[in-house]
Amino acid sequence: MSKVGIDLGGTNIKAGIVNEENEIIAKGQKKTFAQRSAEEIMKDMEKLVEELLEEHHISKEQVEKVGIGCPGTIDSKTGTVIYSNNIVWENIELGAIMENSLQLPVKVYNDADCAALGETVAGAAKDCNNMILLTLGTGVGGGIILDGKVFDGYYAGGAELGHTTLIAGGEPCTCGRKGCLEAYASATAIIRIAKKKMEQEKESLLHEYNEIDGVAIFEAAKNNDRAANEAIDEYVMYLAEGIVNFVNIFRPEKVLLGGGISHAGDRLIQPVNEYVKKYCFGGNRTYIPEVMQMKLGNDAGIIGAANL
Ligand SMILES: [Zn+2]
């Protein structure tokens with residue numbers, strides 16, 4: 001039997017047919033045009049799935065289920081999008097409407113949860129029953145897999161790992177609180193830290209960049225720039241402190257990092273692992289989870305959704 005996974009984003013609707021080995025055998029996408037009505041977007045999602053199945057000569061009888069990953073707060077029990085600021089939806093019964101139009105069973109979860117599930121069935125955390133995913137982008141997203149299942153708390157209000165306090169009364173966070181992990185471990189945060197460092201360092205290579213972003217910071221660091229290296233060291237400490245907290249709560253088998261900053265490679269992953277090894281509760285007398293980069297990239301969301 002095949003499964004269908006849909007990754008609904010603010011820019012694109014991506015869909016894939018996934019086989020029993022959890023490989024994507026066909027993929028397609030359409031532009032979301034998020035300013036359109038939810039009805040129009042859902043109609044395009046339906047069309048995309050129908051087209052994919054037809055192109056690959058797969059009948060509906062051969063499809064076991066459909067899963068959708070959607071940004072925002074999702075009531076996974078009913079498949080309702082409670083609120084999504086990316087696509088500006090409020091109380092849309094996405095699951096029920098798609099089930100009716102596709103005549104297939106449909107499940108809906110948050111997109112970060114789908115990515116976490118995708119990595120556990122076919123990616124860097126394959127065969128792990130317990131894992132944590134942190135996405136390091138403009139914000140810090142979180143996904144928790146416990147006993148092989150997505151954990152999102154009551155009424156999907158949990159798993160907001162980015163909005164746990166790292167430093168009480170610290171930097172302002174997008175959520176209205178101060179000192180959240182997101183305010184210290186997001187891409188936005190490393191840029192803020194690097195800008196502060198380069199101000200004190202007139203010779204820094206960072207002054208040569210028109211725009212300071214994660215790529216610029218890690219590139220300058222590679223060229224032995226002191227300000228960039230100090231910024232990364234500080235960032236690593238914040239991120240790793242956050243990870244140690246989650247390890248102490250969940251003791252997952254693996255911690256995966258996704259999002260823009262996760263592409264930094266060894267300069268990030270290595271010191272984070274050293275820090276976690278040194279500070280997680282029980283030290284080397286206990287199991288220390290490895291921190292790794294996500295493996296499936298954008299496909300994680302599709303494969304995860306197909307496995308809901
Ligand atoms: Zn916050």
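Which are the buried residues of H9? Let me start there. One caution before the list: this is a predicted model.

The buried residues of helix H9 are Ala 300, Gly 301, Ile 302, Ile 303, Gly 304, Ala 305 and Ala 306.

Is Glu 119 buried or exposed? Glu 119 counts as buried, because its relative accessibility is 0%, and the cut-off for buried is under 20%.

Now its surroundings. Ala 300 is one of the buried residues of H9. Take Met 131 as well: 12 residues separate it from Glu 119 in sequence, and the C-alpha to C-alpha separation is 9.3 Å.

Next, the largest pocket. It holds about 1,500 Å³ of space. There are 46 lining residues, and the closest to the pocket centre are Pro 71, Asn 86, Asp 111, Ala 112 and Thr 135. Which element gives the largest share of the lining? H3 does, with 4 residues. At least two lining residues come from each of S1, S2, S5 (73–75), H3, S10 (140–146) and H9. So what is the make-up by class? The lining has 27 polar, 11 nonpolar and 8 charged residues.

Last topic: the zinc ion. Its protein donors are His 163 through ND1, and Cys 173, Cys 175 and Cys 180 through SG. They lie 2.1 to 2.4 Å from the ion. The sequence spacing of the donor residues reads H-x9-C-x1-C-x4-C.

Why is the arrangement tetrahedral? Because the 4 donor atoms subtend angles of 103 to 124 degrees around the zinc ion, and the criterion for four donors is that all angles lie between 85 and 135 degrees. For reference, the ideal angle for four tetrahedral donors is 109.5 degrees.

Cys 173 is buried, at 11% relative accessible area. Cys 175 is partly exposed, at 44%.

Conventions. Residues are numbered from 1 along each chain as its sequence is written. This is a predicted model: local features need pLDDT of at least 70, side-chain atom pairs count only at pLDDT 80 or more; totals for chains, interfaces and linings use all residues. Side-chain values use heavy atoms; hydrogens and water are left out. Donors are N, O and S atoms within 2.8 Å of the metal (3.2 Å for Na, K and Ca); water is not among the atoms, so sites may look incomplete. Four donors count as tetrahedral if all angles lie between 85 and 135 degrees; four count as square planar and six as octahedral if opposite donors are over 155 degrees apart and all others between 65 and 115; anything else is irregular. Buried means under 20% relative accessible area, exposed over 50%, partly exposed in between (1.4 Å probe, protein chains only). On a 1 Å grid over the protein atoms alone, a cavity is a set of points where a 1.4 Å probe fits but cannot get out, and a pocket is an open set with protein on both sides within 12 Å along at least five of seven lines; lining residues have an atom within 4 Å of a point. Grid points are joined across faces, edges and corners, and a volume is the space filled by probe spheres set on the points. Ala, Val, Leu, Ile, Met, Phe, Trp, Tyr, Cys and Pro count as nonpolar, Asp, Glu, Lys and Arg as charged, and the others, Gly among them, as polar.
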